[in-house]
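Subject: Structure handover

Hello,

Here is the structure we spoke about. Please look it over first, then read the notes below.

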Amino acid sequence: MKTLAIECLRYHPETDQAPHYQTYEVPFTDEMSVLQGLQYIKDHLDGSLTFRWSCRMAICGSCGGMLNGVPRLSCESFLRDYHPGGLRVEPLNHFPIQRDLAIDQSDFLRKLESVKPYLIPEAPRPLSEGTYLQTPQQMDEYYQYSKCINCLLCYAACPQYGLNPEFTGPGALALLQRYNADSRDAGKAERMKVVNAEDGVWGCTLVGYCSEVCPKAVDPARAVNQNKIESTKDYFLRFLAPRRGR
Amino acid sequence: MKTYTRPMAGWWHRNPYYLWYLLRELSCIFITAYALVLLWGLVRLGQGRASYEAWLAGLSSPAAIVFHVVTLLLVVYHAWTWFKIMPKTLPRVPVSDRTIVACGVSAVIAVSVLLVWAAAV
């Protein structure tokens, strides 16, 4: 059986001042994912290796990491593609490391909350009035953004987020657009505060790598730059029409 | 909870994507320098024929030619990146991203050819 050298970043907050690397020789077959490689290490070589995972099929967004410096989901990356060169697995860039390959996501969760990622209807609608109707075209306006799985690969790809962690960032802004572009939603005025803020869309310099690494083809760079137009309109139109709800 | 935050130093050379991004951003220095050279030419023109011709002669020095060739390459690259991201910066339109990029690139080629032709005749 072929083997692959997997070099993992290790960091134990109880004992380590800084991370170090540890290499494991992992036997693999062609159909084994990087996640399965990590599971092999945990089960057979070193039970102390810490990493997150859940669904194994690129929908839970838990297993993202830097694979040879590229943000990827480890469940949909294959060990065969790193043979024989070797593979270095690190936690997602730009996030604080909690332990080994597990990062602290709380900053993102705070930002996600700030964009109000839920429908804010114009007026409460009783169930008796039935479901909302939407044309395929209206759905198309937001559908791609709704595919976001919060895996944070886009944040690991964004140097602006790394340099300024206050930047709202690609993922949360894509989800902001997902609701703003929804015909059932009327919460745009509330969300424009996040868009217009110093660390809102203008923190983006259009590196564009976020959209390249997105495993769900969400295109956060598009969401952010669409909102630069919205922010500009919002700024100038306030001279013509008062803003709602402020 | 104790965590470890990795330093950002040297981030730009860790991934080729960032190098290309930085090249796009750095091209503005050359483009600014090029604009200043042109502006200086305008000033020299205002000072009279002899001054203007001295400026023109300066442009044919090897250093000036290298500078202009490098700037041209950077402008072409910058323009390409500009059109490549154009669909992301436009409001939704009912044509594909590829068509938008193709239209932008075609337009810039057509205008460039027209300018070169106009300068030649």
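**Sheet pairings and the rest**

Met66(A) stands opposite Glu90(A) in S5(A). Strands here are DSSP runs of E with at least two residues, helices are runs of H or I with at least four, and both are numbered from the N terminus.

Some ground rules. This is a predicted model, in which local features need pLDDT of at least 70 and side-chain atom pairs count only at pLDDT 80 or more, while totals for chains, interfaces and linings use all residues. Residues are numbered from 1 along each chain as its sequence is written, and chains are lettered from A and ligands numbered from 1 in the order in which they are written.

**The sheet in chain A**

The Met66(A) pair belongs to S3(A) and S5(A), which run antiparallel and are joined by two bridges. Two strands pair if DSSP finds at least two bridges between them.

S1 (residues 2-10) pairs with S2(A) in the antiparallel sense, over nine bridges. There, Leu4(A) stands opposite Val26(A). Contact means that the C-beta atoms of two residues, placed from the backbone, lie within 7 Å.

S3(A) and S4(A) also run antiparallel, joined by four bridges. Gly65(A) stands opposite Arg72(A) in S4(A). The two strands form a hairpin with two residues between them. Asn68(A), in the turn, has a positive phi of about 50°.

**Chain A overall**

Chain A has nine helices and seven strands. Its C-alpha atoms fill a box of roughly 70 × 40 × 30 Å along the principal axes. Of its 246 residues, 40% count as buried. Buried means 20 or more other C-beta atoms within 10 Å of the residue's own; exposed means 12 or fewer, and partly exposed lies in between, with C-beta atoms placed from the backbone. Among contacts between residues at least 6 apart in sequence, 67% join residues at least 24 apart.

**Domains**

Chain A divides into domain 1 (2-103) and domain 2 (106-237). Domain bounds come from an automatic or database domain assignment. The two centres, taken over C-alpha atoms, are separated by 30 Å. 14 residues of domain 1 are in contact with twelve residues of domain 2. On the domain 1 side, S3 (64-67) and S4 (70-73) are the elements that give two or more residues. S4(A) gives the most, three residues. By class, that side has eight nonpolar, four polar and two charged residues. Nonpolar covers Ala, Val, Leu, Ile, Met, Phe, Trp, Tyr, Cys and Pro; charged covers Asp, Glu, Lys and Arg; the others, Gly among them, are polar.

Chain B is assigned domain 1 (11-76) and domain 2 (85-121). Their centres, over C-alpha atoms, are separated by 23 Å.

**Where the chains meet**

21 residues of chain A are in contact with 16 residues of chain B. S6 (97-99), H5 (159-163), H8 (209-213) and H9 (220-237) of chain A each supply at least two residues to the chain A side. H9(A) has the largest share, four residues. By class, the chain A side has 13 nonpolar, five polar and three charged residues.

The largest nonpolar core has 60 residues. Such a core is a set of buried Ala, Val, Leu, Ile, Met, Phe, Trp, Tyr and Cys residues joined through C-beta atoms within 7 Å. Leu153(A), Cys154(A), Ala157(A), Cys158(A) and Cys210(A) touch the most other members. H6 (residues 170-180) of chain A gives this core its largest share, six residues.

Thr168(A) lies in the loop between H5 and H6 of chain A. Why does Thr168(A) count as buried? Because it has 23 C-beta neighbours inside 10 Å. Thr168(A) and Val195(A) are 27 residues apart in sequence and 8.6 Å apart in space, C-alpha to C-alpha.

Best wishes
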